[in-house]
Amino acid sequence: MEPPDAPAWACGALLLAVLLAAHPDAQAEVHLSVPPLVEVMRGEPVTLDCTPTGTQDHYVLEWFLTDRSGARPRLASAEMQGQGSELQVTVHDSRGRSPPYQLDPWGRLVLPEAQVGDERDYMCVVRAGAAGTAEATARLSVFAKPEATEVSPNRGTLSVMEDSAQEIATCHSRNGNPAPKITWYRNGQPLAVPVEMNPEGYMTSRTVREASGLWSLMSTLYLRLRKADRDASFHCAAHYSLPEGHHGRLDSRTFQLTLHYPTEHVQFWVGSPSTPAGWVREGDTVQLLCRGDGSPSPEYTLFRLQDKQEEVLNVNLEGNLTLEGVTRGQSGTYGCRVEDYDASEDVQLSKTLELRVAYLDPLELSEGKELSLPLNSSATVNCSVQGLPTPALRWTKDSVPLSNGPMLSLSSITFDSNGTYVCEASLPTVPVLSRTRNFTLLVQGSPELKAADTEPKAGGSWREGDEVTLICSARGHPEPKLTWSQLGGSPAERVPGRQGWVSSSLTLKVTSALSRDGISCEASNPHGNTRHVFHFGTVSPQTSQAGVAVMAVAVSVGLLLLVVAVFYCMRRKGGPGCRCRREKGAPPPGEPELSHSGSERPEQTGLLMGGASGGARGGSGGFRDEC
């Protein structure tokens with residue numbers, strides 16, 4: 001198509017040719033730089049570059065669209081008027097595109113938002129007069145990511161007994177560009193299935209171009225199924241292309257198929273509760289469970305065999321039989337039959353089992369709850385029980401094992417034999433099933449007495465006034481009574497931790513009378529009595545009292561001697577045994593010498609004088625009289 005200003009352009013080209021003829025050395029050939037392939041994502045802007053080289057100051061650049069029919073409509077043009085001037089750009093025909101084509105100041109064709117319809121060849125033509133004309137083509141590829149992949153599985157029941165491939169699912173990938181590809185997967189692994197019909201499996205595909213120009217793909221998978229596919233997971237994935245050789249993948253959700261396959265194996269067992277040996281307890285609720293491996297679940301018939309005849313108990317699709325409060329009479333043979341008419345003839349569809357109900361009746365003793373026996377006697381107690389399987393019996397006393405078996409032999413009975421005896425029955429193969437029965441043994445006899453020995457506090461002997469606590473303990477049946485030979489004893493009380501023993505105590509002070517007579521404790525019951533006497537040996541007087549007595553005697557003797565001495569001196573005064581001596585010179589004047597009258601007794605005078613001089617010994621008078 002010729003541009004509208006063709007005459008003007010022709011004149012310019014003629015002028016350029018004249019100039020080039022005048023200057024031959026100025027002639028040059030024009031070249032274009034255009035990318036052959038431009039890739040863009042749908043909705044993004046794209047620019048098609050066309051850069052001329054070897055042109056003069058004047059040239060014309062045009063963009064043409066190569067139509068599918070071969071026509072080349074002109075989209076836009078740009079003209080360079082002279083060196084240093086700007087290109088004059090013009091958009092001629094946008095072909096109804098929205099937004100329209102644009103031409104930037106450098107003559108590049110701009111598509112603001114790439115659309116699938118823009119996927120064409122765009123030709124750039126440059127006319128430079130004498131330099132010639134050059135043209136180049138850029139191909140635009142527009143990519144679109146498809147929508148999420150959807151899968152529609154077959155919701156029916158598919159039989160594994162079919163000899164041909166069956167429809168599995170249909171996969172959809174919509175609105176992509178270029179058209180995506182679909183791959184099928186089983187358990188995460190791709191399925192290599194052909195597109196031609198095949199008894200083992202194939203797939204069909206259908207591609208549709210939408211009104212928007214985008215592509216949609218639908219793929220349907222067909223497979224011949226096996227029993228192993230009952231747990232398999234399937235899905236499909238759409239693979240699509242991106243610019244610069246990249247690729248993307250969109251996976252669908254996974255799904256499983258509902259398959260029909262016949263029963264090959266049957267299991268029948270006691271559900272709960274049961275022991276490892278297969279026993280159940282009487283009174284428990286028991287479940288019998290039957291399972292076949294066919295699909296869908298077949299019908300189950302549960303029955304009991306009595307005299308080789310089937311007594312149907314239940315028919316259901318679950319294969320469960322519940323026995324509430326099972327009794328020993330329900331022991332026997334039970335059976336389950338799977339009603340699967342598609343199963344092979346060599347498959348055993350019926351199973352049986354033995355239900356064994358364990359029971360343990362209450363125990364019985366040959367004696368009552370209490371057994372009274374005289375001291376030193378013997379006895380035998382029998383424990384009997386009914387149970388299945390055979391119970392094991394044992395006897396214990398205070399949790400200490402005595403013997404195994406139903407018989408308990410008691411010989412040479414003592415008071416230590418008193419207590420509670422327990423017969424325990426258990427089922428070794430049914431640990432949770434056991435029973436007990438007990439009786440109390442009471443030993444009759446004269447009391448047994450024990451007294452705590454009395455020891456001195458210190459020094460190896462008792463002293464007068466020491467305090468002591470005496471303790472008596474006794475046992476017997478009936479319970480003995482404790483009495484003391486002296487008042488003050490405590491009431492008898494049971495001794496903690498010592499079965500059958502009672503105890504009483506008496507606190508008193510030690511005296512000489514106790515050393516001589518002692519204290520007695522007596523235990524008595526209807527069968528007799530027993531007595532114990534506490535002795536204290538030699539009792540010494542208290543140390544503090546003996547010292548006071550000695551001191552009192554010493555003081556008394558001393559005073560008596562003093563009085564005798566004074567009396568003696570008074571009687572002997574002036575006699576040969578008592579004289580007065582002046583130590584220093586004569587008495588001072590005015591003091592006459594003492595004279596002795598004839599009526600005075602010399603002994604009295606000497607004694608008195610001696611007493612006077614003795615009291616003045618060492619005084620200020622300077623005299624000392626001696627007796």
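Predicted model: local features only at pLDDT ≥ 70, side-chain atom pairs only at ≥ 80, totals over all residues.
Where is the place of Leu561? Leu561 lies in helix H3, which covers residues 543-571.

Averaged over the protein chain, the pLDDT is 82. A score of at least 70 is reached by 83% of the residues. In residues 1-27, the pLDDT is below 50, and this stretch has 15 contacts in the model beyond near neighbours in sequence. In residues 575-627 the pLDDT is also below 50. Here the model has 62 contacts beyond near neighbours in sequence.

The protein chain as a whole comes next. Its secondary structure consists of four helices and 48 strands. The chain has 627 residues, and 38% of them count as buried. When contacts between residues at least 6 apart in sequence are considered, 62% join residues at least 24 apart. The accessible surface of the protein chain is about 35,900 Å². Carbon and sulfur atoms account for 51% of that surface.

One part of the surface brings the reader back to helix H3, the place of Leu561. Is Leu561 buried or exposed? Its relative accessibility is 56%, so Leu561 counts as exposed, the cut-off for that class being over 50%. Leu561 also belongs to a nonpolar surface patch, which it makes together with Val553 and Val557. The area of this patch is about 280 Å².

How values were computed: Residues numbered from 1 in each chain as written. Heavy atoms only, no water. Patch = residues over 30% accessible without salt bridge, like charges linked within 9 Å, V, L, I, M, F, W, Y side chains within 5 Å. Areas by Shrake-Rupley, 256 points an atom, 1.4 Å probe, with all protein chains shown as cover. Salt bridge = Lys/Arg side-chain N within 4 Å of Asp/Glu carboxyl O. Helix = DSSP H or I, 4+ residues; strand = E, 2+ residues; numbered from the N terminus. Buried < 20%, exposed > 50% of the residue type's maximum accessible area, 1.4 Å probe, protein only. pLDDT = per-residue confidence, 0-100. Contact = heavy atoms within 4.5 Å.
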